[in-house]
Amino acid sequence: MQRPAWCPRTSPWCLGLVYKALLQAEQTKAEINQSLVARYKAEIDGRMAAVEIHKTRVQAAQTLVSLERTRIWAGGEAIRAFVATLNAETSKMELNKARAQGEAIKQDAYKSQVQAYSAFASAQAERARVAIARAQAKIAAMGREWDGWKARLSAEVAKMDAAAKQSATLVDGYRVSSTTIEAKAASFMRR
């Protein structure tokens with residue numbers, strides 16, 4: 001502040017007014033600086049809150065990824081259990097097939113014996129043919145049942161493959177979302 005023309009240069013009263021005005025100007029600058037500091041603090045707090053929100057979202061996405069991973073593992077376990085059951089059923093079918101083949105072999109031996117005694121064997125040969133037809137019908141029925149089990153297994157494997165692909169796609173989406181959120185958080189932190 002300049003000295004007024006009416007005030008002498010050495011007057012303590014005038015110098016006091018000048019110093020008072022300078023002091024008042026400095027106080028005003030300090031108050032402006034304090035308000036700017038408060039505003040910057042508020043902005044920083046707001047951005048830190050946004051970072052915390054993004055951190056929470058990232059943690060939620062990671063939790064979802066973990067849940068999907070657990071669900072996929074459980075699906076895999078269910079498939080393995082189903083395959084074990086199917087293998088047991090297959091073993092039963094193979095045993096039944098072997099029994100049926102054994103029965104067929106027995107029937108063939110009986111048929112040969114019946115042919116050796118052909119004098120009174122025409123009635124018994126007919127009975128043997130009927131028994132063979134039954135055994136063959138059982139074998140055919142077991143073969144159809146076996147084909148049904150194979151078709152069910154193929155359908156379940158296709159379902160589980162589709163579920164695994166869908167879960168993998170979902171996990172990839174979560175990873176991309178997580179990376180994007182982390183990049184945004186890093187961007188906010190750099191500002």
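Predicted model: local features only at pLDDT ≥ 70, side-chain atom pairs only at ≥ 80, totals over all residues.
With which residue does Glu89 form a salt bridge? The partner is Lys92, and the closest N and O atoms of the pair are 3.5 Å apart.

**Salt bridges**

Side chains of opposite charge can pair when their charged atoms come close. In this structure the count comes to 10 salt bridges.

| Salt bridge | N to O distance | Helix |
|---|---|---|
| Lys55 and Glu52 | 3.6 Å | α1 |
| Glu89 and Lys92 | 3.5 Å | α1 |
| Asp172 and Arg175 | 3.4 Å | α2 |

Helix α1 covers residues 12-116. Within helix α1, Lys55 and Glu52 are separated by about one helical turn because they are 3 residues apart. Glu89 and Lys92 also lie in helix α1, where a spacing of 3 residues again amounts to about one turn.

Helix α2 spans residues 122-190. This helix holds both Asp172 and Arg175, which are 3 residues apart, or about one turn of the helix.

**Exposure of the paired residues**

How accessible are the partners in these pairs? Lys55 has a relative accessible area of 43% and is partly exposed; Glu52, at 40%, is likewise partly exposed. In the second pair, Glu89 counts as partly exposed at 21% relative accessibility. Buried residues fall under 20%, so the value of 21% places Glu89 in the partly exposed class.

Is Glu68 buried or exposed? Glu68 is buried, its relative accessible area being 10%. This residue is found in helix α1. Leaving aside residues up to four places away in sequence, Glu68 touches Ser167, Leu170, Val171 and Tyr174.

**Aromatic rings**

Where does the charged end of Arg152 sit? The charged end of Arg152 lies over the ring of Trp149, at 5.1 Å from the ring centre. As for pairs formed between aromatic rings, a search of the whole structure finds 0.

Notes: Residues numbered from 1 in each chain as written. Heavy atoms only, no water. Phe/Tyr/Trp six-rings, centres within 6.5 Å; stacked < 30°, edge-to-face > 60°. Lys NZ or Arg CZ within 6 Å of the ring centre and 35° of its normal. Salt bridge = Lys/Arg side-chain N within 4 Å of Asp/Glu carboxyl O. Helix = DSSP H or I, 4+ residues; strand = E, 2+ residues; numbered from the N terminus. Buried < 20%, exposed > 50% of the residue type's maximum accessible area, 1.4 Å probe, protein only. Contact = heavy atoms within 4.5 Å.
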